[in-house]
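Trainee: I would like to go through the terms used for this model. Can we take them one at a time?

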Amino acid sequence: MTSIAIIGAGPQLGLAIARTFGSQRIDVALISRNRDKLDRLVAKLIAEGITAAAFPADVLDREALTRALKDAGARFGGIDILEYSPVGGFGSTTLTTPVETEPAHVQHEIEFQLYGAIAATKAVLPAMREAGAGTLLYTTGAGSLDPVPQVGNVNAAAAALRNWVINLHKELDGTGVQAAHIGIDVSIGTPAVPGFPTARPEEISPVYWDLHTTHRDRAEHIFRA
């Protein structure tokens, strides 16, 4: 049985990715901080005939994140696909320009984006390498490629994650395990600022399926409207 763990699962892109993979008879493990939100998402997926379960964990709690992935692996017979796309809430994320940025502003984002991704990867990669198969997908906004001053600290951490993922892709070449970065250069659902391009989650989620199935040689896909 094949399964995907979606870290940072929410009602937009996370749910769309779950539906895209679940419709292909892939079991879905949803991981995020909020148990109630996860339960609502799981209920929707089950109602659509998708096998899904919730595993609450905060990516800033490395032990809890690792345990959630281990529990999901035990529930579904292993994790074959990992998708990492947690989004910080406005209450936990301070946005700073490069001039305003203090080390602590970047440190929090590094913990959230890069270190969480590393911890998640270490929880699932050994089994993938042993099996000679697996897919690791990591999502950032397009600020990881073309940063904007208003979110300088977030962009710095996203760029660090992108760098690490592309390097991971190189290291895993020939192992049967695919690692790729997805940069999303649109607002999902509603525009972040007036006039900024938007896309529905259902327009974006097929990119993840294509990287898993067809474009396994690619280290990166940039989604633009």
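Trainee: What makes Thr-140 count as buried?

Mentor: Keep in mind that this is a predicted model. Thr-140 has 5% relative accessibility. Buried means under 20%. Thr-140 therefore counts as buried.

Trainee: Where does Thr-140 lie, and which residues is Thr-140 in contact with?

Mentor: Thr-140 lies in strand E5. Leaving aside neighbours within four places in sequence, Thr-140 is in contact with Gln-113, Ala-158, Leu-161, His-181, Ile-182, Gly-183 and Ile-184.

Trainee: How do you know that the side chains of Thr-140 and Ser-144 make a polar contact?

Mentor: Look at the distance. The value for this pair is 2.8 Å. The cut-off is an N or O pair within 3.5 Å. The pair of Thr-140 and Ser-144 counts as a polar contact.

Trainee: Strand E5 also holds Thr-135. Why is Thr-135 called buried?

Mentor: Its relative accessible area is 0%. The limit for buried is under 20%. So Thr-135 is buried.

Trainee: Which residues does Thr-135 touch?

Mentor: Not counting residues up to four places away in sequence, Thr-135 touches Asp-80, Ile-81, Leu-82, Met-128, Gln-178, His-212 and Arg-216. With His-212 there is a polar contact, side chain to side chain, at 2.7 Å. Now take Ala-180, 45 residues apart from Thr-135 along the chain. Their C-alpha atoms are separated by 8.2 Å.

Trainee: Now the loop. Why is Arg-25 called exposed?

Mentor: Arg-25 has a relative accessible area of 73%. Exposed means over 50%. Arg-25 is therefore exposed. Arg-25 is found in the loop between H1 and strand E2.

Trainee: What is there to note about the phi of Arg-25?

Mentor: Phi is near 65°, a positive value in a residue other than glycine. Most residues other than glycine have a negative phi.

Trainee: Which residues make the contact of H4 with H5?

Mentor: From H4, they include Gln-113, Leu-114, Ala-117 and Ile-118. From H5, they include Ala-157, Ala-158, Leu-161 and Trp-164. By class, the contact has 13 nonpolar, four polar and one charged.

Trainee: Why are H1 and H2 called roughly parallel too?

Mentor: Use the angle again. The axes of H1 (residues 13-22) and H2 (residues 35-47) cross at roughly 30°. The limit is under 35 degrees. H1 and H2 are therefore roughly parallel to each other. Their axes come within 11 Å, and the crossing is right-handed.

Trainee: Which residues make the contact of H1 with H2?

Mentor: Leu-15, Ala-18 and Arg-19 of H1 meet Leu-41, Lys-44 and Leu-45 of H2. The classes are four nonpolar, no polar and two charged residues.

Trainee: How do you know that H1 is mostly covered?

Mentor: Nine of its 10 residues are buried. Among them are Leu-13, Ile-17 and Phe-21. Buried again means under 20% relative accessible area. With nine of 10 residues buried, H1 is mostly covered.

How values were computed:
Residues numbered from 1 in each chain as written. Predicted model: local features only at pLDDT ≥ 70, side-chain atom pairs only at ≥ 80, totals over all residues. Heavy atoms only, no water. Contact = heavy atoms within 4.5 Å. Helix = DSSP H or I, 4+ residues; strand = E, 2+ residues; numbered from the N terminus. Nonpolar A, V, L, I, M, F, W, Y, C, P; charged D, E, K, R; others polar. Buried < 20%, exposed > 50% of the residue type's maximum accessible area, 1.4 Å probe, protein only. Polar contact = N/O pair within 3.5 Å; in protein donor to acceptor, adjacent residues only side chain to side chain. Axes fitted to C-alpha atoms, helices over the stretch in contact; angles between N-to-C directions. Parallel < 35°, antiparallel > 145°, perpendicular 65-115°, else oblique. Left-handed = near helix turned anticlockwise from the far one by under 90°.
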